[in-house]
Structures are given as C-alpha cells and as structure tokens.
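Student: I have a model open and want to learn how to read it. Can we go through it feature by feature?

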Amino acid sequence: MSLLELDKVSKVYKTGTFGGELKPALREVSFNIDKGEVISLIGQSGSGKSTLGKIILHLVPPTSGTVRFEGTDISAIGKAGLRDYYRRVQGVFQDPFSSYNPLYKADRVFDMVKSVYFPGVRGTDWQAKVEAALESVTLNPGDVLNKFPHQLSGGQQQRLLIARALLLDVRLLVADEIISMLDASTRVDVLNLLVDLKRRGLGILFITHDLSLGNYISDQTVILRQGVVVEMGETPKVLGNPQHTYTKSLLAAVPQLHKKWGELGAGATVIPAGEVRAGSSNGKIAHDEVGRYSKSPLHPLRQGRGGSGGPLSSVTKTAGGRPSLMELEDAPWQRRGPKAKKSPSAVLSAYPAPPLQECEAGHFVATES
Amino acid sequence: MTLEVDKLQISYRTLRGDVRAVDGVSFAVDDGEIMGLAGESGCGKSTLGNSLVYLEGRMKHAGGTVRLDGEVLPISDQRAMGRYRLKRVSIIPQYAMSALNPTRKVGRMTAELLKSRGVRYDSVEEELKRRIDLVGLPQGVLGMYPFELSGGMRQRATMVISTLLDPSLLVADEVTSALDVSTQRAVGEMLMEFRDERFVKTIIVITHDLSILAQVADTITVMYAGKLVEKAPAATVVGEPLHPYTQALLASLPEVGVRYEDAPLAGIPGRPPSLLHPPAGCRFGARCPFAFEKCSQDPPFMELRPGHEVACWKAVRDIGGTSVLAEADQPGTEGPAGPGAGSEVPAVPRPGAQLASPTSAVSPGPGEWTGQGTGQP
C-alpha cells in the first residue's frame with residue numbers, strides 16, 4: 001500500500017460571471033507516492049499543479065476521483081478526522097514572506113501547533129521539541145527564535161515552516177514551489193534538506209515549474225499539461241529520454257549554462273548576428289526587411305496566441321519540425337465558442353484525458369492526438 | 001561606449017543612517033551590448049538599474065557620474081531627467097505585469113505617455129502597431145484594459161511601450177523571474193531581438209538567474225553587497241569564473257540531465273553583510289572559503305585578464321603571484337602587474353589596518369551559519 005494514492009482525480013472550476021463557465025483544471029490524474037520518495041510535479045502556470053496540492057491537503061474537494069491516504073479515502077474523514085489528517089500531512093507554500101503575520105514573532109507558528117495538537121505538553125518539554133525540530137532543518141535556535149519575520153531571511157523562514165511541519169508526526173509533505181522565492185545561494189540548502197527528510201522516510205510532493213530543481217531532487221517525475229498527465233515515471237527516464245512532444249519542448253526551453261537555446265534547436269531558430277542588423281542609427285528599419293524578418297520562424301510567441309489563437313488541431317510546424325510551446329498551451333475550452341457545457345461531469349467526459357502507455361519499464365507517456 | 005558609469009554611489013536615507021546600496025560602481029556598456037547584472041536579493045542590482053532611469057525620493061545620489069552617448073546624465077535632478085526618460089533611457093520595471101494603468105485602455109495610456117514626452121501619437125502609431133505585431137500581440141490590445149490581458153501579454157505590451165521611442169539604454173529588471181520556462185525563453189529571445197532590430201542600443205538585464213544571462217547576455221557583471229565583484233564576457237563568467245562568489249553561485253545551480261545522488265550541491269553559507277555599516281575589506285570575506293589575511297583590505301576591481309575584471313585578492317595572487325600582493329601593500333608603487341592591469345590604479349586602502357586573522361577581518365552578520373564560512377585557505 002502506498003502512502004498516498006490518487007485515483008482518477010479531476011477538478012472542474014466554475015469561472016466567469018455567476019460561475020457560467022466551467023474549466024477543467026485536472027483531468028483523471030492518477031499516481032502514487034510511497035514512503036521515502038520525492039515526486040516532482042512539473043507544469044506551467046495554469047496546468048493544475050497547485051490545485052492537485054490543495055486537493056491532497058484537503059483544502060479543495062475534487063470533482064471526481066478519490067484520494068487515499070494510508071488506505072483511507074480522505075473525502076470521508078470528517079472534521080474530527082481532519083485534525084488527525086493534518087498531523088500526518090502538511091503543506092509548505094511558495095511565498096515565505098506572506099506566510100507569516102508581520103505583527104507577530106515568527107515562532108508563533110509553533111505555539112499554534114502546540115495549542116491545537118499538544119495542549120498538555122509542558123513548556124520545557126515543548127521547548128526541547130521545538131529545538132530538536134529546528135536542529136533537523138539545520139537552523140540554530142538562537143538565531144531564529146524570538147524574532148520577527150522581517151529579521152529572518154527567506155531561507156530561514158521557509159525552513160522554519162518545514163520545522164513546524166516536523167513537530168507533528170508528518171509522513172507526507174506537499175511542497176508547493178517552496179524554492180522559487182529564494183536566492184540562489186540558499187535554495188540549494190532547502191533542497192538538500194528535503195533530500196535529507198526523504199532519507200528519513202518522508203514522502204514529498206514537490207510542485208515546481210523548474211525542471212532543473214525537479215531533476216535535482218526527485219525519484220519520480222510527473223509532467224502535467226492543461227490538467228492532464230502527459231508523461232510520468234522515474235526521473236532519469238522522463239527527463240533523460242523524453243517521449244512526449246510537450247516534455248521535449250519544456251526541456252528545450254530550460255535555460256542552461258553551457259548550451260544556448262538555439263543549439264538545442266526546438267521550436268525556434270536563431271538568426272545569425274549581422275544578418276538582421278539593419279537600419280540607421282535611429283533604429284527605424286526598412287519595411288521590406290521587416291517583412292522578410294517577421295516571416296522567419298524565429299519566435300514561438302509570434303506564431304501562437306495571436307489574433308486567431310490557433311487550436312491544437314491546426315498546429316503549424318516550425319523550423320525544428322515541432323510545434324512551439326505557445327501553440328500547445330491553447331486548449332479547446334479556452335477558445336470562446338458555443339456555450340460551454342453545463343455540468344462538470346459533461347465537461348470532463350467531453351474532454352477525456354488521453355490514456356497513458358508504458359513505453360519502457362517505469363515510464364508512461366500519454367498518446368498524442 | 002554607449003553607457004559609462006564611473007564610481008557611482010547611491011544610498012538610501014534611513015533613520016539609522018545612509019545605506020550604501022551601490023558603493024562606487026564603475027563599468028561601461030558598448031553599443032549593441034546586452035549586459036547581464038546578477039546578484040542576490042539586496043545586493044543593490046535593482047537600485048543600480050533604477051538609479052539610471054528614476055531616482056526615487058528615498059534614494060540619494062552620493063557620488064559618481066553616468067554618461068550616455070558621451071553626455072552626462074543628470075540622474076539626481078528629476079526635472080532634467082524627465083527629458084531623457086523614454087526617449088533616451090527606459091526601463092521595464094520589476095513588476096511589469098502590473099505596470100500598466102488599470103483605468104486606461106492600453107492605447108490611450110500610451111498616447112498620454114507620449115504626450116507627456118511631447119511626442120504626437122499619430123507620428124508613432126504605425127510603428128507601434130508594427131511592433132505589437134512583431135511581439136505576437138493582436139492589434140486589438142490597444143483598445144483593451146490591462147485586466148483583459150494575460151500576464152504574459154501585459155509583459156509584452158509593457159516591453160513594446162517602454163521601447164517605443166528607441167531609447168539608447170533599456171533597463172530590464174527581473175523580467176523573466178515570475179515566468180514559466182517557455183515564456184522565459186520567449187521573453188529572453190524578444191530582448192535579443194529588440195537589440196538586433198535596433199529598437200534599443202544597449203540593454204542591462206537584471207536578474208538573479210545566471211542561467212538566463214548565459215543565454216541572453218553578451219557580458220555578465222556580478223554584484224555583491226553594493227560592489228561589483230566580476231565582469232567578463234558571458235561565456236567566461238560561466239566557464240572560468242575567477243571570483244569565489246561567482247564560482248559558488250554557479251556551483252549551486254542544479255542542471256537538467258545531471259544526476260546528483262552521489263554529489264549533492266552545496267549552497268553558500270552565511271548571509272550578505274548589512275550595508276548600513278559594511279565591513280572593512282572584502283565584503284564576501286566572511287563567507288569566502290579562501291579568505292586570507294589580505295582580504296581585510298578592500299580588493300580593487302581590476303582587469304586581471306583581457307576583458308575580465310575581478311575584485312578579489314585570491315584571484316590576484318593566483319594570476320599575478322604573491323609578489324604582486326606584497327607590492328600592492330607599498331603605497332606609491334605601481335600596483336599589481338597582471339596582464340592588462342594598469343588601466344586602473346587599484347585603490348590601496350589604509351595599509352596595516354586590521355591585518356589580523358581572517359576570521360576577525362570581517363565582523364560576521366547576525367545570520368545563520370555564523371563563522372562557518374571563514375575556513376582557512
């Protein structure tokens with residue numbers, strides 16, 4: 001039995017005036033998280049990755065599908081069970097600077113845990129417990145206790161929140177973009193802390209849009225696009241031997257230190273310097289030149305999302321022979337069209353998630369239309 | 001040289017005294033060059049970029065000059081700078097997505113902006129429409145309110161508007177930070193294209209992400225605690241950095257396609273020093289694993305290899321040898337004689353001051369990990 005099992009979890013949000021429009025944020029997402037395993041959930045903004053985190057944290061109910069934690073369906077746990085659930089499942093979120101109340105000292109987050117979960121523990125015992133938790137996130141208690149949030153760095157604040165989760169009997173940590181607000185020099189420390197927690201048997205769902213962070217930390221990778229799992233499996237296989245077009249385009253867009261985007265050659269071609277360097281010093285360019293230039297397949301952003309908003313079916317091939325990311329972003333329900341379907345289940349059945357197929361051991365890919 | 005900045009000092013006025021956010025920074029940017037400016041939050045990189053365009057009320061120009069196309073920019077004089085803004089210098093602000101006036105349609109806002117610069121809207125309308133087309137926005141955006149546009153569209157609209165009058169200098173402050181990888185790539189390529197199309201002569205790209213700069217920038221400048229620590233062509237900074245801070249930053253970047261199970265990356269212990277009372281000597285000294293006695297003196301920012309400027313005594317010692325260090329101690333002598341040196345006379349600070357052990361050279365900040373970064377070389 002896995003620690004957490006997601007079985008065909010779907011979520012449809014109501015948007016627009018009076019909830020008139022229905023948007024499927026997640027469609028039939030299924031995967032498991034085991035003890036001592038880091039799964040990174042990678043996707044662009046709007047892909048539904050944070051929605052999935054909220055569903056697991058019981059903050060948002062799924063439209064359909066079940067979430068089972070240690071074998072129990074979490075939709076049926078009720079209010080009393082929820083307190084017990086949060087003892088074992090905790091979340092840490094993106095922005096450490098707004099996770100704290102600036103008027104209170106930062107260690108107040110620990111007191112709140114005490115009043116809810118450990119009302120009977122004596123002050124000195126509690127102090128020792130807090131200090132042990134701080135030690136395990138490599139914080140020096142003297143540096144962070146009794147301080148206001150603005151006196152702490154982002155990395156310290158984020159580690160303090162992880163320490164708070166560790167005070168409980170936590171088994172699963174949902175880490176939603178916890179690295180992205182941190183500075184380069186401190187983000188590796190937080191990443192290494194997660195690796196350390198994993199070794200101690202914690203299951204971690206690491207939600208990110210940054211493939212290099214996912215690659216660094218995770219055992220399993222799930223790539224989410226428009227609420228659908230397009231590729232999942234062991235991290236070296238998914239990121240080392242990507243099968244889906246979308247994964248390949250994502251990988252090509254990752255800025256690397258020693259390889260230019262152009263050398264990776266997906267989607268865009270780069271015009272050699274000098275060829276387009278035209279025009280007088282005031283920067284105006286002759287129009288025929290521009291005509292030639294703007295027809296060149298330089299920019300993904302020039303082709304997709306334009307006035308016409310090309311749907312998936314009419315994806316135009318760019319120089320590399322692959323559709324660009326911007327075009328892939330366009331989903332059918334995002335076009336203004338005939339009146340949207342009225343019931344969430346009808347929307348879900350109108351846009352079913354493509355089935356996943358195992359292309360090699362431990363590596364699943366969605367079929368492309 | 002399109003932009004020449006000489007010993008620029010910008011400080012913030014606070015009740016406890018002046019915070020030197022930019023402390024004697026000198027650099028030059030060529031025509032057609034994209035300069036990347038990297039550093040941690042609070043190192044002064046945004047302050048430096050903003051001061052070239054708009055000096056906020058709490059910022060004070062404490063010294064130094066800025067020349068644009070050979071002309072001195074009156075950066076401390078708000079009225080005089082008004083003539084340069086948008087026409088000669090322009091900025092894409094840090095929160096470009098919320099930089100547009102929410103109560104005006106994009107077209108009308110642009111027209112009002114142009115009017116305030118004394119430019120007629122009709123005279124640039126055609127060019128505006130062409131550029132809107134170029135960045136892949138529908139023509140209809142001019143008749144829309146900002147809330148009708150997505151974040152990426154607003155970002156592109158801001159980029160078009162702020163470069164409409166072909167400024168010589170564009171400051172792009174953290175334009176890629178809040179974006180997805182694919183949009184990051186699109187925006188990065190758009191910056192390069194704006195340069196190639198000569199919409200702008202030079203661009204300063206400010207970001208904390210060195211891998212974006214490796215893609216976009218021609219030269220990379222690394223800043224730490226208000227001072228420049230390294231400047232070189234992008235490939236050199238990424239490939240053979242000389243300053244320990246740059247090396248540590250690069251070493252802490254995870255990359256796709258590498259497995260890290262056996263060799264985890266290491267962060268940089270400690271925190272940057274407070275700029276209210278910056279420590280004497282090298283400001284990275286307290287966190288630097290290579291710090292030695294010499295580091296209690298202020299390292300000069302000088303060219304150690306052709307086109308590669310560094311402010312680090314260890315780099316001086318490695319390239320020039322220990323004798324060079326000793327020479328630098330004698331006031332009045334030539335200073336370090338590395339290849340290409342001599343173009344700048346290093347400022348030799350108070351010889352003999354605080355020549356104690358490396359740990360006492362810099363008072364450690366109140367941060368975590370105190371004292372752990374001051375190992376022996």
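This is a predicted model: local features need pLDDT of at least 70, side-chain atom pairs count only at pLDDT 80 or more; totals for chains, interfaces and linings use all residues.

Student: What is the mean pLDDT of chain B?

Tutor: The mean for chain B is 83. In that chain, 86% of the residues reach 70 or more.

Student: Which elements of chain B have the lowest and the highest mean pLDDT?

Tutor: Helix α12 (residues 358-361) of chain B has the lowest, at 39. Strand β9(B) has the highest, at 96. Look also at residues 332-377 of chain B, where the pLDDT is below 50. Beyond near neighbours in sequence, that stretch still has 99 contacts in the model.

Student: How many helices and strands does the secondary structure of chain B have?

Tutor: Chain B comes to 12 helices and 12 strands. Of its 377 residues, buried ones make up 51%. Now take contacts in chain B between residues at least 6 apart in sequence: 64% of them join residues at least 24 apart.

Student: Next, sheets. What is the order of the strands in the open sheet of chain B?

Tutor: The general idea comes before the case. Strands of a sheet pair through backbone hydrogen bonds, either parallel or antiparallel. Here eight strands of chain B run in the order β6-β7-β8-β3-β9-β10-β12-β11, with mixed pairing.

Student: Why is one side of β6 and of β11 of chain B left without a neighbour in the sheet?

Tutor: β6 (89-92) and β11 (302-305) of chain B stand at the edges and have a single partner strand each, so one side of each has no neighbour in the sheet.

Student: How many bridges join β3 to β9 in chain B?

Tutor: Four, between β3 (residues 34-38) and β9 (residues 219-224) of chain B. These two strands run parallel. For a residue-level view, find Ala38(B), which stands opposite Val222(B) in β9(B).

Student: Where would I look for antiparallel pairing in chain A?

Tutor: Go to β1 (residues 4-15) and β4 (residues 64-69) of chain A, which are joined by five bridges and run antiparallel. Glu5(A) faces Arg68(A) of β4(A) there, standing opposite it. β4(A) is also joined by two bridges to β5 (residues 72-73) of chain A, again antiparallel.

Student: How many residues lie between β4(A) and β5(A)?

Tutor: Two, and the pair of strands forms a hairpin. In the turn, Glu70(A) has a positive phi of about 50°. Phe69(A) has Thr72(A) in β5(A) as its bridge partner.

Student: Now helices. Is α1 of chain A mostly covered or mostly exposed?

Tutor: First the general point. An α-helix has 3.6 residues a turn, so residues three or four places apart point the same way. Helix α1 (residues 49-56) of chain A is mostly covered, with seven of its eight residues buried. Among them are Lys49(A), Leu52(A) and Ile56(A). After α1(A) comes His58(A), with a positive phi near 60°.

Student: Which residues of α10 in chain B are buried?

Tutor: In α10 (residues 313-320) of chain B they are Trp313(B), Lys314(B), Ala315(B) and Val316(B). Just after α10(B), Gly321(B) takes a positive phi of about 95°.

Student: How many residues does the largest nonpolar core have?

Tutor: In soluble globular proteins, nonpolar side chains tend to be buried together. The largest nonpolar core has 97 residues. Val171(B), Leu191(B) and Leu213(B) are among those with the most contacts inside it. Leaving aside neighbours within four places in sequence, Leu213(B) is in contact with residues including Gly36(B), Ala38(B) and Ile220(B). Apart from this core lies another, of 86 residues, among them Phe31(A) and Tyr100(A).

Student: Is Asn101(B) buried or partly exposed?

Tutor: Asn101(B) is partly exposed, with 13 other C-beta atoms within 10 Å. Its place is in the loop between β6 and α3 (106-116) of chain B.

Student: Last, the interface. How many residues of chain A are in contact with chain B?

Tutor: 52 residues of chain A are in contact with 43 residues of chain B. α7(A) gives the most to chain A's side, with seven residues. That side divides into 23 nonpolar, 22 polar and seven charged residues.

Note on methods: Residues are numbered from 1 along each chain as its sequence is written. Chains are lettered from A and ligands numbered from 1 in the order in which they are written. A residue is buried if 20 or more other C-beta atoms lie within 10 Å of its own, exposed if 12 or fewer, and partly exposed in between; C-beta atoms are placed from the backbone. Two residues are in contact if their C-beta atoms, placed from the backbone, lie within 7 Å. Ala, Val, Leu, Ile, Met, Phe, Trp, Tyr, Cys and Pro count as nonpolar, Asp, Glu, Lys and Arg as charged, and the others, Gly among them, as polar. A nonpolar core is a set of buried Ala, Val, Leu, Ile, Met, Phe, Trp, Tyr and Cys residues joined through C-beta atoms within 7 Å. Two strands pair if DSSP finds at least two bridges between them. pLDDT is the predictor's confidence in each residue, from 0 to 100.
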